[in-house]
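This report walks through one chain, from its overall layout to single contacts. Please keep the sequence and the model side by side while reading.

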Amino acid sequence: MRRWAIATGVAAVALAAAGAAIANHVTQVDAAAVPTGFLVAHNSIDDIPLSALARAVTPDGADVFIQHVRLGSNVPTGWHTHPGPALVEVVKGSVTYEDAQANVCRQTTYNPGEGFVDRGFGHVHRAIAGPDGVDFYVVYVLPPGSETHVIPAAAPPECTA
């Protein structure tokens, strides 16, 4: 009976590990399906936190992800953070970036041609699509071996009222 319990425990751990690996795997679009040329050009991003970029890059380099995000009218992402900085460039519609700083919940709206950097490393925020939805590209610069590019988190207390 004890062998059965050990075997069951080992199988459960193996299944949980496999499930976590599958959940954290990011699928990649076939390059042949993406048109050539610039996906975004001349977007303006102010206040790029070089310290966050430097923190993400190690002597072994960095993991880089590029993601196209499309959200429908007024759709929010969940509250989350990233394991490193994320450079966001809006190409269609608008997006409101919501976070907390100095005990205040802040909302900043970005339109096509504008962008921002989320510094990551535990900085909790969310994005809310505008009335016409939004398309934006995100370039994640993450420490090597990062398990995922998005980490779900609870809303900051300042933003729950």
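## Layout of the chain

The chain holds 2 helices and 8 strands. Helices (H or I, at least four residues) and strands (E, at least two) are DSSP runs, numbered from the N terminus. Along the sequence, their order reads α-β-α-β-β-β-β-β-β-β. Of the 161 residues in the chain, 34% are buried. Buried means under 20% relative accessible area, exposed over 50%, and partly exposed in between, with a 1.4 Å probe and protein chains only.

The model is predicted: local features need pLDDT of at least 70, side-chain atom pairs count only at pLDDT 80 or more, and totals for chains, interfaces and linings use all residues. Residues are numbered from 1 along each chain as its sequence is written, and side-chain values use heavy atoms, with hydrogens and water left out.

## The nonpolar core

A nonpolar core is a set of buried Ala, Val, Leu, Ile, Met, Phe, Trp, Tyr and Cys residues joined through side-chain atoms within 4.5 Å. The largest one has 16 residues. Val95, Val134, Phe136 and Val138 touch the most other members. Strands β2, β4 and β7 are the elements that give two or more residues to this core. The most come from β7, which gives 7 residues.

Asn74 is 60 residues away from Val134 along the chain, yet their C-alpha atoms are separated by 8.8 Å.

## The β4–β5 hairpin

Strands β4 (residues 86–101) and β5 run antiparallel and are joined by 7 bridges. Two strands pair if DSSP finds at least two bridges between them. The hairpin has 2 residues between the strands. Ala102 takes a positive phi near 55° in this hairpin.

Which residue in β5 is the bridge partner of Asp99? It is Arg106. The side chains of Arg106 and Asp99 also meet, in a salt bridge of 2.7 Å, N to O. Their exposure can be compared with the cut-offs above. Asp99 is at 2% relative accessibility, so it counts as buried. Arg106 has a relative accessible area of 33% and is partly exposed.

## Salt bridges between strands

How many salt bridges does a search of the whole structure find? The search finds 3. A salt bridge is a side-chain nitrogen of Lys or Arg within 4 Å of a carboxyl oxygen of Asp or Glu. One of them is the Arg106 and Asp99 pair in the section above.

Another salt bridge joins the side chains of Arg70 and Asp135, at 2.9 Å, N to O. Arg70 lies in strand β2 (residues 63–71) and Asp135 in strand β7 (residues 125–142), so this pair ties together parts that are 65 residues apart in sequence. Arg70 is exposed, at 62% relative accessibility. Asp135 is buried, at 8%.

Glu98 and Arg126 also meet through their side chains, in a salt bridge of 2.6 Å, N to O. Here Glu98 belongs to strand β4 and Arg126 to strand β7, so the pair ties together parts that are 28 residues apart in sequence. Glu98 is buried, with a relative accessible area of 5%. Arg126 is partly exposed, at 21% relative accessibility.

## The disulfide

A search of the whole structure finds 1 disulfide. The term means a pair of cysteine sulfur atoms within 2.5 Å. Cys105 and Cys159 form it, with their sulfur atoms 2.2 Å apart. The pair links distant parts of the chain. Cys105 sits in strand β5 (residues 104–110), and Cys159 sits in the segment after β8 (151–152), 54 residues apart.

Why is the disulfide right-handed? The torsion about the S-S bond of Cys105 and Cys159 is about 105°, so the disulfide is right-handed. Cys105 is partly exposed, with a relative accessible area of 26%. Cys159 is buried, with a relative accessible area of 14%.

## A nonpolar surface patch

Val29, Val34 and Leu39 form a nonpolar patch on the surface. Together they have about 240 Å² of accessible area, from the Shrake-Rupley method with a 1.4 Å probe, where for residues only the protein chains shown count as cover. Patches are made of residues with over 30% relative accessible area and no salt bridge: like charges are joined within 9 Å, nonpolar side chains (Val, Leu, Ile, Met, Phe, Trp, Tyr) within 5 Å.

Leu39 lies in the loop between α1 (2–24) and β1 (44–45). Leu39 is partly exposed, with a relative accessible area of 42%.
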